Amino acid sequence: MKPSAAPKIVSAALFLIALLVGVPLLINATGRTDLYYTLTSVALLSIISAGVWITFYIGRINIGQGAYALTGGYVSAILVMNYGVSFWLTLPLAGLFCAAASVLIGLPILRLRGVYFAMVSLVLTEVARLLALAIPITNGAKGIVSIPLPGGISFFGITLVPDFSSLANPRLAFYIVAVLLMALCFLGLYRLAHSRIGQLCQSLQQNEELASSIGVNVAYLRVVAYALSSFLGGLGGAMFAAISQSIYPSSFTVADSVNFMLNCFLGGLGYVLGPMLGTFVLYFGWDVLFQTGEYQLLIFSTVLIVLMLVLPNGLLSLALPGKRSL
Amino acid sequence: MEQVIANGLYLGAQYALIALGLTLIFALMNVLNFAHGQMYVLGGFVTYSIYGQLKLPFVVALVCSGVTLAVVGALMEKFLFRPVIQRSKREESTMLLAAATAFFLDAIILLLFGEKQRGVPKIISGVFISDRVILPYDRIVVGVVAILMIAAFMLYMQYSKPGRAMRALAQDRIAAQLMGVKVERYSMIGFALGAMLAGVVGGLLVTITGVNSGIGGPISIKAFLMVMIGGAGVVAGAIAGGFILGMMESVGLTVLREYGDVTYLAIFALLMIFLSIRPNGLMGKPWG
């Protein structure tokens with residue numbers, strides 16, 4: 001381990017402790033329990049956005065993450081409702097289903113680049129919505145509602161995760177699960193970005209022809225990255241379906257897909273923590289502006305435009321000027 | 001059958017006009033204009049206000065739509081896209097900007113015109129009926145105007161000085177600059193022209209389908225589809241894409257009627273297959 005890694009681990013651990021202990025204490029002290037839901041949403045959305053970030057890492061603009069989030073949500077909901085599978089099992093299954101689907105879809109469309117990929121992925125979100133409306137198992141526009149809360153997990157009689165419906169405060173439980181998931185995802189993302197594969201992905205971002213000429217298996221690598229990205233999308237979507245206990249074709253729309261992309265942009269594409277910060281700022285900004293009523297969208301978009309004009313390389317470029325912190 | 005083709009041609013003419021504006025902006029600036037659908041809606045509302053509310057002649061309203069949008073487009077280019085393109089490390093940043101402008105225009109439209117569906121009185125009443133084809137006269141007029149505008153646009157691009165300059169820009173920005181083309185000026189003109197086209201189509205279509213503040217996004221998606229079919233940044237491709245999409249929609253709505261609302265699903269599936277064979281669309285530059 002390099003000597004520079006120790007402070008990073010300490011600060012990451014401190015951050016996690018602050019989220020898991022500090023935030024609940026603060027919320028208890030102030031009595032703003034509605035913040036649990038907001039923060040849980042931020043954590044989950046940042047997982048989904050992290051997926052988009054991976055595709056940016058291989059130089060593709062992905063506006064199709066909503067499709068996988070929706071698919072993940074439906075897979076989890078259908079497995080829980082129709083087949084009685086435990087939610088905790090459906091969580092990875094939803095991710096894997098999305099990853100498998102993305103391999104099939106990705107093989108042709110990952111040959112596209114730049115704007116073409118962006119447009120196809122945007123269309124993908126619309127396809128997912130239309131599919132959810134058209135095929136019978138998703139129950140059309142009515143969606144799937146009153147999904148039960150996640151059950152418990154016990155291992156040889158020891159309860160690892162309590163049954164959520166027996167808890168006094170399921171919101172806190174969801175919050176903790178979401179934060180832990182987010183921490184895991186970003187840890188994985190950090191490792192990925194610093195691994196050999198991460199370096200190779202960066203070579204794709206800069207010049208695919210050059211990368212393939214020196215022996216990088218471009219086709220394989222981009223499919224893997226896209227599958228990982230979709231896995232995160234499905235995971236986040238499944239969690240969302242469990243929290244809201246419902247999923248509709250309109251749960252994740254084109255606007256959401258665009259927002260996932262904006263989260264990454266706003267945080268900064270060159271930074272692993274970019275999607276997390278971007279999601280936090282965008283989601284909270286949107287919530288805070290709710291008080292302005294009909295001017296909400298106007299102010300929000302103006303702020304976005306101004307941010308873009310002042311900081312075209314993301315918020316984190318402010319904190320770490322000139323340095324590519326990867 | 002003739003009816004289906006007539007509908008397809010009418011839809012295609014409008015679609016082609018929308019796609020033209022999008023592809024022009026893309027060719028000149030390498031910007032995917034997310035706000036294109038919102039520009040269309042804005043154009044529709046301008047025509048609605050002038051023709052529907054103030055009762056001025058339709059032609060005046062249409063011209064006003066075009067001029068308003070041209071001004072909006074020029075301002076967007078000068079104050080938003082140009083500085084961001086200059087300063088950003090990655091060209092994708094323009095996409096965030098485009099998405100933010102789309103939100104912005106949405107907000108403005110919502111504040112100014114409300115969320116209600118708006119329509120205007122027909123420009124010409126009556127229906128053309130022959131033994132095979134039934135078409136309302138206003139649709140014919142709109143279709144013909146759209147085709148005339150496409151022709152005018154192509155002639156303008158082909159023979160006028162700004163048109164030549166813009167084609168040079170689309171081919172190679174730096175080479176054009178070295179030959180003394182005023183790159184900034186023609187980028188602005190091009191953006192304004194693209195926005196104007198969107199506004200004019202919005203104005204034309206408000207007489208038939210009406211307009212509401214929520215249709216901007218779906219229109220953008222359709223425009224993207226057409227550009228993908230034809231190839232981004234190619235004028236002929238956009239026109240071809242527009243007519244192909246119009247025809248597919250018209251045929252799909254007739255053939256797939258009994259299966260429910262699956263026309264667009266089929267179109268998307270076909271598009272995926274098509275793009276895996278020809279990633280750059282029909283006539284796109286082989287740059288990916």
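**Note on the predicted two-chain model**

1. In chain A, α3(A) is followed by G84(A), whose phi is positive, near 65 degrees. Helices here are DSSP runs of H or I with at least four residues, strands are runs of E with at least two, and both are numbered from the N terminus. Helix α3 covers residues 65–83 of chain A; its 19 residues should span 27 Å at 1.5 Å a residue, and its end C-alpha atoms are 26 Å apart, which agrees. The expected span is 1.5 Å times one less than the number of residues.

2. The model is predicted: local features need pLDDT of at least 70, side-chain atom pairs count only at pLDDT 80 or more, and totals for chains, interfaces and linings use all residues. Residues are numbered from 1 along each chain as its sequence is written, while chains are lettered from A and ligands numbered from 1 in the order in which they are written.

3. On confidence, the predictor gives the complex an ipTM of 0.78 and a pTM of 0.84. The average pLDDT (the predictor's confidence in each residue, from 0 to 100) is 83 for chain A, with 93% of the residues scoring at least 70. For chain B the average is 86, and 97% of the residues score at least 70. Residues 321–326 of chain A stay under 50; the model has six contacts for them beyond four places in sequence. A contact requires C-beta atoms, placed from the backbone, within 7 Å.

4. Chain A contains 13 helices and two strands. Its radius of gyration is 20 Å, which agrees with the value near 20 Å for a compact globule of 326 residues. That radius is taken over C-alpha atoms, and the globule rule is 2.2 Å times the number of residues to the power 0.38. Of the contacts in chain A with a separation of 6 or more, 75% join residues 24 or more positions apart.

5. Burial in chain A reaches 45% of its 326 residues. A residue is buried if 20 or more other C-beta atoms lie within 10 Å of its own, exposed if 12 or fewer, and partly exposed in between, with C-beta atoms placed from the backbone. In α3(A), 16 of the 19 residues are buried, so this helix is largely enclosed by the rest of the structure. The buried residues of α11(A) include G274(A), P275(A), M276(A) and F280(A).

6. Chain B has 11 helices and two strands. Its radius of gyration is 19 Å, close to the 19 Å given by the globule rule for 288 residues, so chain B is as compact as a globular protein of that length. Buried residues make up 53% of chain B.

7. The largest nonpolar core has 200 residues, and V120(A), A16(B) and L20(B) are among those with the most contacts inside it. Such a core is a set of buried Ala, Val, Leu, Ile, Met, Phe, Trp, Tyr and Cys residues joined through C-beta atoms within 7 Å. Helix α1 (residues 2–29) of chain B gives the largest share of this core, 16 residues. L20(B) touches I150(B), F153(B), L197(B), V235(B), A238(B) and I239(B), leaving aside residues up to four places away in sequence.

8. At the interface, 36 residues of chain A are in contact with 40 residues of chain B. The largest share of the side of chain A that touches chain B, 13 residues, comes from α5(A).

Conventions. Two residues are in contact if their C-beta atoms, placed from the backbone, lie within 7 Å.
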